[in-house]
2 protein chains.
Amino acid sequence: MTSAGSRSRTPQANADADGTNSSVTMRDVARLAGVGTITVSRALQHPDRVTAETRRKIDEAIAALGYVPNLAAGTLRSSKSRIIVAIVPTMSNSIFAETLQAMSDVLRPAGFHLLIGHTGYSAAEEEALVAAFLARRPDGVILTGYTHTPRTVELLRRARIPVIEMWNIGPDPIDTIIGMSSYDASLAMTRYLIRKGYRRIGYIGGLLQDNDRTAQREAGFRAGLEEAGRPFDPLMIVRAPFEFESGGTALGDLLNRMPDADAVFAASDILAVGVLLECLGRGIAVPGRLAVAGFDDAGISSRMTPPLTTIRVPRRAIGRTIAERMLARLAGRPTGERIVDLGFELIERASA
Amino acid sequence: MTSAGSRSRTPQANADADGTNSSVTMRDVARLAGVGTITVSRALQHPDRVTAETRRKIDEAIAALGYVPNLAAGTLRSSKSRIIVAIVPTMSNSIFAETLQAMSDVLRPAGFHLLIGHTGYSAAEEEALVAAFLARRPDGVILTGYTHTPRTVELLRRARIPVIEMWNIGPDPIDTIIGMSSYDASLAMTRYLIRKGYRRIGYIGGLLQDNDRTAQREAGFRAGLEEAGRPFDPLMIVRAPFEFESGGTALGDLLNRMPDADAVFAASDILAVGVLLECLGRGIAVPGRLAVAGFDDAGISSRMTPPLTTIRVPRRAIGRTIAERMLARLAGRPTGERIVDLGFELIERASA
DNA sequence: TTGAAAGCGTTACCAA
DNA sequence: TTGGTAACGCTTTCAA
């Protein structure tokens with residue numbers, strides 16, 4: 001580990017002073033090792049199909065020349081890029097970041113790289129990303145949710161590669177869908193609040209545009225009210241972008257419309273924490289005067305005062321499962337159901 | 001936007017029923033358009049070097065055949081991948097996620113894709129990532145900080161591509177370094193706390209392993225004490241990973257060692273927010289009994305009660321500037337200084 | 001276990 | 001403005 005040292009101050013001028021350069025090819029390695037190029041290729045791809053002695057000579061030649069393989073050539077010839085494309089709404093929400101990291105942690109040791117795109121919650125942007133990324137000939141594609149433009153679906157269908165939709169379970173996957181049911185989770189939380197005796201429950205949800213997660217959560221909330229015979233009123237719902245700032249603002253809106261609310265279900269912990277902080281600022285007792293429930297179980301939620309009742313989504317497990325499934329598919333190994341529900345957990349804490 | 005529809009239930013079986021498939025090449029497009037392949041290539045790369053009529057015919061052929069270019073072939077031939085590698089410690093910290101998104105927002109419209117890796121704050125892992133990614137022949141590489149293994153530096157030097165180190169300014173960049181001085185910022189915050197009259201200032205910092213940002217912050221804190229003639233004592237420092245949970249724990253440790261502390265400077269808002277929440281839980285008045293300052297200006301910091309005094313780092317500007325600089329370099333346009341300091345802002349709020 | 005030749009789909013080079 | 005030919009560096013195919 002060094003932070004300084006004898007580095008060249010003019011990187012552009014780094015010629016082959018040490019006899020190595022970046023245009024070393026497999027052929028050069030083969031020549032130095034005294035073998036054919038194909039043997040070098042085999043030594044790199046399937047080390048066990050080459051004698052230990054040959055492998056040693058090749059390894060030495062690689063080290064001596066500073067050889068770096070050129071994956072573009074391999075991809076062209078083999079039609080295998082070892083690239084997996086993953087598209088998420090945003091990377092700023094650590095929910096998705098953690099899922100991506102979990103996927104990457106499985107894929108990288110297997111030699112696959114994740115090419116990540118973010119849509120800003122726009123299906124049109126997703127389509128543009130898919131179109132652009134397909135030119136890289138990815139071996140597989142992972143999308144968030146099941147709401148896509150028809151052309152996105154068509155492009156992926158024609159690409160004939162594994163496609164995994166994630167996070168939110170829907171009825172008719174393009175190929176495979178892995179995640180949990182936002183509807184079920186939201187319904188469970190609504191039932192819980194009702195069971196706890198809250199009479200006037202407000203809902204702060206995300207924007208619905210191109211977002212089946214937020215749509216399912218809102219639908220689950222309404223279903224919960226209905227099955228309990230509670231009248232639903234559009235005034236009970238406020239929608240806001242997933243930011244801490246909007247949680248507080250949204251609570252203000254909601255309380256203006258529902259001054260008698262005794263509980264708030266926020267469809268994301270980012271919003272719910274914003275709500276809690278706003279309550280703190282306004283001196284609203286939680287859960288005494290107003291109960292607060294969230295969704296996601298973010299890192300901060302358990303540290304709040306009071307700690308937040310929320311839905312835990314297995315976000316690392318989703319990433320891991322998707323990556324493993326993808327690797328199995330690409331290796332031709334048998335895979336299971338096309339719809340994989342990894343479930344959720346209702347975490348009961350003090351806030352509701 | 002559709003969430004369902006007439007999708008095939010057996011994607012593996014999608015043959016060329018509609019006459020289009022994914023093995024359409026530029027040659028097929030050329031044939032249908034009645035031109036040479038090179039003209040198709042030109043129409044795609046430099047639309048202005050082709051007559052409008054030719055371009056129209058080619059566009060029609062592309063649409064009719066559902067042609068998707070193969071970038072692997074182009075990369076092989078031209079040695080231009082239009083891939084930029086970016087390596088960060090973690091994507092879970094939204095600080096880095098926002099910088100990555102800002103970079104991506106500039107690079108994508110220019111036809112470049114970001115290949116992202118995360119090191120988990122390990123220089124050895126960074127080296128492994130760089131070695132693996134270089135096989136994709138990226139057009140440029142972006143690293144976080146200036147602490148790298150010698151082999152990482154050597155690999156990048158040999159690759160002869162633009163390398164931009166980011167976030168933390170250091171004296172001797174591999175090539176170009178863009179960010180701010182964590183040392184200066186930390187020193188400024190320490191001076192601020194001293195000026196505000198706090199006598200016994202504790203410090204909660206990140207782990208130092210392979211992390212020049214945390215090291216500079218700690219050094220800045222010590223320098224601030226020293227220049228004010230305050231005695232430094234190792235007991236004043238607690239180090240913890242950047243997680244909400246550790247902020248609270250670390251505060252406990254610190255107060256055991258320094259029961260008379262009247263201020264805490266946490267080297268990350270994640271820790272500082274954890275500290276604030278812990279104070280809330282323990283009934284410690286902020287800033288009356290204990291002042292709290294942070295670093296990063298995370299989204300939640302301004303919403304806390306009291307709102308958090310912190311250092312604002314221009315994280316989106318860093319990403320944008322890096323991307324623009326990278327594009328300029330790759331286009332052969334002149335670029336400025338090798339060290340670009342985008343500065344910071346001390347945000348004075350109520351917590352300290 | 002090893003190798004020779006062919007070819008992947010694109011773009012550089014040179015010519016018309 | 002357009003095109004023919006060659007070449008990028010690897011892996012597949014077939015053969016020894």
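**Ground rules.** I count two strands as paired if DSSP finds at least two bridges between them. Helices (H or I, at least four residues) and strands (E, at least two) are DSSP runs that I number from the N terminus. This is a predicted model, so to speak of a local feature I need pLDDT of at least 70, and side-chain atom pairs count only at pLDDT 80 or more, while totals for chains, interfaces and linings use all residues. Residues are numbered from 1 along each chain as its sequence is written, chains are lettered from A and ligands numbered from 1 in the order in which they are written, and side-chain values use heavy atoms, with hydrogens and water left out.

**Entry 1, the sheet of chain B.** I started with strand pairing. Strands of a sheet pair through backbone hydrogen bonds, either parallel or antiparallel. In chain B I found an open sheet of four strands, ordered 7-6-8-9, with parallel pairing. Strand 7 (237–239) and strand 9 (291–293) of chain B are the edge strands, each pairing on one side only. From one strand to the next, the twist averages 15°; for angles, axes are lines fitted to C-alpha atoms, for helices over the stretch in contact, and the values run from 0 to 180 degrees between N-to-C directions.

Helix 8 (residues 182–195) of chain B lies across strand 6, strand 8 and strand 9 of chain B, at about 170° to strand 8 of chain B.

**Entry 2, the sheet of chain A.** Here too I see four strands in an open sheet, order 7-6-8-9, with parallel pairing. Strand 7 (237–239) and strand 9 (291–293) of chain A stand at the edges with a single partner strand each, so one side of each has no neighbour in the sheet. Three bridges join strand 6 (residues 201–205) of chain A to strand 7 of chain A, and the two run parallel. A:Ile204 sits opposite A:Val238 in strand 7 of chain A. Helix 10 (residues 244–257) of chain A lies across strand 6, strand 7 and strand 8 of chain A, running at about 145° to strand 6 of chain A.

Two packed helices are described by the angle between their axes and the distance between the axes. The axes of helix 6 (residues 123–134) and helix 7 (residues 150–159) of chain A come within 9 Å and cross at roughly 25°. That makes helix 6 of chain A roughly parallel to helix 7 of chain A (angles under 35 degrees count as roughly parallel, over 145 as roughly antiparallel, 65 to 115 as roughly perpendicular and the rest as oblique). Among the residues that meet are A:Val130 and A:Leu134 in helix 6 of chain A and A:Leu155 and A:Leu156 in helix 7 of chain A.

The contact includes B:Leu251 and B:Leu255 of helix 10 of chain B, and B:Val275 and B:Cys279 of helix 11 of chain B.

Which rotation superposes chain A on chain B? I get 180° with 0.0 Å of shift along the axis, at an RMSD of 0.1 Å (least squares on the C-alpha atoms of residues with pLDDT of at least 70 in both copies). That is the relation of a two-fold axis. The same surface serves both copies, as 100% of the contact residues of chain A recur in chain B. Of the residues of chain A, A:Ala72 comes closest to the rotation axis, its C-alpha at 2.4 Å.

I flagged the peptide bond from B:Val286 to B:Pro287 as cis, with omega near 5°. B:Pro287 is in the loop between helix 11 (269–282) and strand 9 of chain B. Another cis peptide bond joins B:Thr305 and B:Pro306, with omega about -5°. I located B:Pro306 in the loop between strand 9 and strand 10 (310–312) of chain B. Lastly, A:Arg82 has a positive phi of about 55° although it is not a glycine; A:Arg82 lies in the loop between helix 4 (71–78) and strand 1 (83–88) of chain A.

Methods
Contact means heavy atoms within 4.5 Å.
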